[in-house]
Amino acid sequence: MKVIFSLFIFISLVFANDATIEVIKKVDTVPSIAVEDASISYDDTFRLRFFKTLIADLNVISIFNVDRHHRVSNFNDVNVLVKNKDMAYVLRYKMFEDDNGALNVQVKLINKGEDVFVKNYRVAKQDIFMFVSHAIAYDINEFMGKPSVAWMKRKVIFARIVAPKKSEIVIADYTLAYQHTILKGGFNIFPKWANKAQNAFYYTALNPKTPTLKYVDIKNGKVENIISSDGMMICSDVSNDGKTLLLTMALDGQPDIYSFDVTTRKYKRLTRYSGIDVNGQFMGKDQIVFISSRLGYPNVFTKHLDTDEIEQMVYYGKSNVSCSAHGKYIVYVARESSNAFSQNTFNLHLISTKTDVIRRLTATGVNEFPRFSKDGDAIIFIKNYKGQSAIGVIRLNYNKNYLFPLKYGRVQSMDW
Amino acid sequence: MKSIVLSSVVTALLVFSGCSSKEPAVDNKTEEVSAPAAQEVQAPVTETVSSESSVVSSTAENSSTENSAEMTMSAIESKLPTIYFAFDKYNITPEMQARIDAAAELGKTDAAKSLNVKLEGNCDEWGSDEYNFALGLRRAEAVKKALVTDGIDASRISMVSYGKSNPVCTEHTKACWAKNRRVNFKLLP
C-alpha cells in the first residue's frame, strides 16, 4: 500500500505543472464577473464596440466566467445592478472624452460591495481603444494574482498576401482589431521582431534580383540591407538578446540553417543535408529545433549548436512541417489525414523533451505557424479555413483556444 | 482623482504614431531599389522632346531596336515550358526531363544565348510556408541541375522560391494543386 501511495505521489510530482497534461477546468470553478458600462461620452456603436472588446479580453485571461450582457449603470452608484447582484465580481467602467479629444476610461472592480481595484486610463486617439481594453484585462489578471498575460500587450507583426506575389506587412494588437500597414507594395514576407522592445523588425524582400533580408527601424523608418541569398532567405528566429539570428539560406542552392551574428555580420552554417532543413528556432542556450526532410518527409529535430549531434524529436504524424520551442516544450504542426489531399487537417501538438506525452492542441482545419509567447504562457498560430485566415491564441494552462479572424487576405507568416 | 497614464499604452501610442508618419519613408526606400533602371529609360525620351528631328529619328530607331529585343525575349519566353512536380517531391520525371532538354536547346540558340534565366519555384497550398519555400527552391534547383547537365552555363541561371504565395490556380481541387507545384522560366536581359 505504501508503495502504491508513494508511486502516486511520485507521478503527481513528475506531472505537476506539465503543460503537456491537459488541464480541464469546469466553468463552475472560476468566479463569475459582469461588466457594467457607465460611459458618458461617445455613441452607442462605439460603446458597444469597447464593451465587446473588453468581454473578449476578459474571456481570454480565462480566470472568470464572463457574463456577456451589456448593462448600463452609473459609475458612482454604491450598489451593483440588481441583475448582477449574484456575480462574484462586477467590473464597472466609465468612458469620457476630455477637452483634448483623448479617450479616458475609469475602471473599478467591485467584490462583495467593496471597490477592490480602481484605475484610470487615457489614450490620445479613440481608434486605439483596444489597447486600453487589453491593459484593463492585464491589470485585473495581475490583481487576481494569476500567471502574467504580458503577451496581451505585445504587438503582432504579420505578412498578408493580397494577390500573387503581392503582400503587405502589418502591425496589429493580438486580436487584430487594430491594424497598421507599415509596408505596402512589392513582395515582402516573413517579418520577425528584431528585439524585445518591438521597435524594429526584419523581413525578406523578394523583389530584388536576389532574396534579401532587410531591417526596418520603426522609430525613424530607416531600411537597411542585411544579407542576400540566391533562391531563398528567411529569418526564422531572433535570440533573446537580439544579437544572433537563425536564417534559412541557400547559398549553394541548398536550403540549410545558418546562425548570423548581427554585430559582426558573419554567418555560420549549422546544418548540412542534401534535402531540406528549415525553421530553425532557438531552444535554450545551446540547442536549436528545426524541420528537416532527412527521413523522407518533414519532421522535427534538435541539434546542439557546437556539435553535429542531431536528434529526432517527434515520432507521430506524416508531415510535421513547422515548430516552435520554449524551455522544454516544443509545439509542432502534424498532417493527420492518410490521403494527401482530401479532408486534410493540420493540427498543433505539444510535446515535452522530458516526457513522452503528446498533447493535441487543435482539432480541425489547417493550423500553421505556431509561435510561443516570450513567457511560454500562450501559443499564437494561424488558422486557414476556406481561403480565410484567423490568428489563434491557445492558453496552455487553461486549455482554451481563441480565434480572431482577418478581414481580408491570407496571413503568410507572423511573429509576436 | 488623478489620471494614471498607463506607460504601455503611451508606448503603443508613440510607436504607432511614429509608424503612421514614417510609412511613406519606408515605402520610398523600398521603391528606390528599382528606381535607377526606370530613370535610364526615361532620359533619352526627355532629350528627344527638346532636340532636332535627326536626334528624334535616331532615338526612335534605338527604341524600336529595344522593343524588338523585348519582343524576341518575350517570344522566346513564351516557348519555354512549365515543369510540374508530384506532391512533396522535387525529382524530375522523364516527361518533364524532355521539356527541360527542349528548353536547354532553345537556350543555346543565337537569339537566346545572351539571355539569363530566373527559375521560379512554386508549391501547392499544403504545408507550412517556410518548408514550402525550401521545397520550391529544391524544385528550382533540380531544374537548374538538369539545365547545366544539358550544357547551359550555371552563371546564366538564378533561382527564387515563392513557396505557396504565387498560385496560378486558386480552386481547392487536385487538378489545381497539381498546376501550382511548378517551376517557371523567366528570361532576364
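The model is a predicted one. Begin in chain B by selecting helix 4, residues 94-107, together with helix 5, residues 129-149; the axes of these two helices of chain B come within 9 Å and cross at roughly 55°. To see where they touch, show the side chains of B:Q97, B:I100 and B:A104 in helix 4 of chain B, which meet B:V143, B:A146 and B:L147 in helix 5 of chain B. Sorted by class, this contact of helix 4 with helix 5 of chain B has five nonpolar residues, one polar residue and no charged residues.

Now move to chain A and colour it by secondary structure, which comes to three helices and 30 strands. The radius of gyration of chain A is 24 Å, close to the 22 Å that the globule rule gives for 416 residues, so chain A is as compact as a globular protein of that length. Along its principal axes, the C-alpha trace of chain A spans about 70 × 70 × 45 Å.

Next, select helix 2 (residues 44-60) and helix 3 (residues 129-143) of chain A, which pack at an angle of about 35° with their axes 9 Å apart. Here too a right-handed crossing is found, as helix 2 of chain A passes helix 3 of chain A. On the side of helix 2 of chain A the contact is made by A:F50, A:T53, A:L54, A:D57 and A:L58, while helix 3 of chain A contributes A:F129, A:M130, A:S133, A:H134, A:I136 and A:A137. By class, the contact of helix 2 with helix 3 of chain A has seven nonpolar, three polar and one charged residues.

From the helices, go on to the sheets of chain A. Four strands form an open sheet in the order 9-8-7-30 in chain A, with antiparallel pairing. Strand 9 (179-183) and strand 30 (410-415) of chain A stand at the edges, each with a single partner strand, so one side of each is left without a neighbour in the sheet. Neighbouring strands of this sheet are turned by 35° against each other on average, direction ignored.

Within this sheet, select strand 7 (residues 156-163) of chain A, which pairs with strand 30 of chain A in the antiparallel sense over five bridges; A:F158 has A:M414 in strand 30 of chain A as its bridge partner. Then take strand 8 (residues 166-172) of chain A, which four bridges join to the antiparallel strand 9 of chain A, and where A:A172 has A:Q179 in strand 9 of chain A as its bridge partner. The hairpin of strand 8 and strand 9 of chain A has six residues between the strands, and A:L176 takes a positive phi near 65° there.

The last stop is another open sheet of four strands in chain A, in the order 10-11-12-13, with antiparallel pairing. Its edges are strand 10 (188-193) and strand 13 (223-228) of chain A, each with a single partner strand, so one side of each is left without a neighbour in the sheet. The twist averages 25° from one strand to the next. Finish by selecting strand 11 (residues 200-205) and strand 12 (residues 212-217) of chain A, which pair in the antiparallel sense over six bridges, with A:F201 standing opposite A:V216 in strand 12 of chain A.

Definitions and conventions
Residues are numbered from 1 along each chain as its sequence is written. Chains are lettered from A and ligands numbered from 1 in the order in which they are written. This is a predicted model: local features need pLDDT of at least 70, side-chain atom pairs count only at pLDDT 80 or more; totals for chains, interfaces and linings use all residues. Axes are lines fitted to C-alpha atoms, for helices over the stretch in contact, and angles run from 0 to 180 degrees between N-to-C directions. Two residues are in contact if their C-beta atoms, placed from the backbone, lie within 7 Å. Ala, Val, Leu, Ile, Met, Phe, Trp, Tyr, Cys and Pro count as nonpolar, Asp, Glu, Lys and Arg as charged, and the others, Gly among them, as polar. Two strands pair if DSSP finds at least two bridges between them. The radius of gyration is taken over C-alpha atoms; the globule rule is 2.2 Å times the number of residues to the power 0.38. A crossing is left-handed if the near helix is turned anticlockwise from the far one by less than a right angle, and right-handed if clockwise.
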